[in-house]
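Please consider each numbered point alongside the sequence and the 3D view.

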Amino acid sequence: MWSGRRLALWGALGIAALTGWFLWRDLHLPQQAGVPADLPDVRVEQLDLQRRVGEQDWSIRTARAERSEGVARVVSLDLDIRGPGDRVTRIRAEKGRFEEENEDMTLWHVQGSLREKGRTTRWTAGEAFYDGKVREWCFPSGVNFQRETLRLTAQAGRLLPKGEIRLVGGVSARWVAPR
C-alpha cells in the first residue's frame, strides 16, 4: 500500500510546502505587524561626512539623516564646499533631500555664501536645487543675493559653477550705503 518511495515523496512535498508557507509569512510579516511602510532603511544622528567631488572638497554635517531607497533626507544641514582655487561655498538649510542616483539635492529654508578672490556674496532662498550633472544651484522660488553694497532680488535664479549669477523674473537691484 504505502511504499518507502511514496512516503519519501509525500514527506518531501510536505516539507517543501511548509518551508514555502514560512517564507511567504516572513516576507509579509512587516505589513501584518503594523510596521510603517515609510520607515527608513538607515537613520543616523550627528553625521559628519567629507567627500571629494571633482575639484571640490565637500564637508557635510547634519543633525539627522535618514536613507531609504536611494534617497537621503536630512535635518539641519551645514555644507561647506572648498575649491577650486580659493573658492569657499557655505550653505545652511533647515532640511534637505539628496538623490543618490543622479546626485541631485533639494534644500529648504537656505542661507549661503560664496567667497572667492577676497569677496563674499551671500544669498538666501526658500528652496535651492543642486543639479549634480551640471553642478549648478537653481533657486526656483525666489532668491536674494548681497555683495558689499549691492542687493539683488529675483523670482528665480541660478548660481553657475564658475560663480556667475543669473536671475530671471522681477529682478530688482538696490545699492545700500556703506556703514
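**Note on the structure**

1. E148 lies in the loop between β8 and β9 (150-154); helices (H or I, at least four residues) and strands (E, at least two) are DSSP runs, numbered from the N terminus. The model is a predicted one, in which local features need pLDDT of at least 70 and side-chain atom pairs count only at pLDDT 80 or more, while totals for chains, interfaces and linings use all residues. Residues are numbered from 1 along each chain as its sequence is written, and side-chain values use heavy atoms, with hydrogens and water left out.

2. E148 has a phi near 50 degrees, a positive value in a residue other than glycine. E148 counts as exposed because its relative accessible area is 55%; buried means under 20%, exposed over 50%, and partly exposed in between (1.4 Å probe, protein chains only). A positive phi, of about 55 degrees, also occurs at R135, again not a glycine. R135 is placed in the loop between β6 and β7 and is partly exposed, because its relative accessibility is 32%.

3. With which residue does E148 form a salt bridge? The partner is R119, the closest N and O atoms being 3.6 Å apart. This pair links distant parts of the chain, since R119 belongs to strand β6 and E148 to the loop between β8 and β9, 29 residues apart. R119 is partly exposed, with a relative accessible area of 38%. Salt bridges that share partners also join R61, D78, D80, R90 and R92 into one network. The term denotes a side-chain nitrogen of Lys or Arg within 4 Å of a carboxyl oxygen of Asp or Glu.

4. The structure holds 16 salt bridges. Among them is the pair R52 and D57, at 2.8 Å from N to O; R52 is exposed at 52%, whereas D57 is partly exposed at 39%. Another joins the side chains of R97 and E99 at 3.5 Å. R97 is partly exposed at 28% relative accessibility, and E99 is partly exposed at 28%.

5. The largest nonpolar core has 23 residues, and those with the most contacts inside it include L79, M105, W123 and W137. Elements giving two or more residues to this core include β2 (56-68), β3 (71-82), β4 (88-99) and β5 (104-116). Such a core is a set of buried Ala, Val, Leu, Ile, Met, Phe, Trp, Tyr and Cys residues joined through side-chain atoms within 4.5 Å. Neighbours within four places in sequence aside, W137 is in contact (heavy atoms within 4.5 Å) with residues including L79, I91, M105, F129 and L159.

6. S59 is found in strand β2 and is buried, because its relative accessible area is 14%. Its side chain makes polar contacts with the side chains of Q50 (3.3 Å) and R61 (2.9 Å). A polar contact is a pair of N or O atoms within 3.5 Å; within protein, one must be able to donate a hydrogen and the other to accept it, and residues adjacent in sequence count only if both atoms are side-chain atoms.

7. A93, in strand β4, is buried at 8% relative accessibility. The C-alpha atoms of A93 and L18 are separated by 52 Å, the two residues being 75 apart along the chain.

8. The peptide bond from G83 to P84 is cis, with omega near -10 degrees. P84 is found in the loop between β3 and β4.
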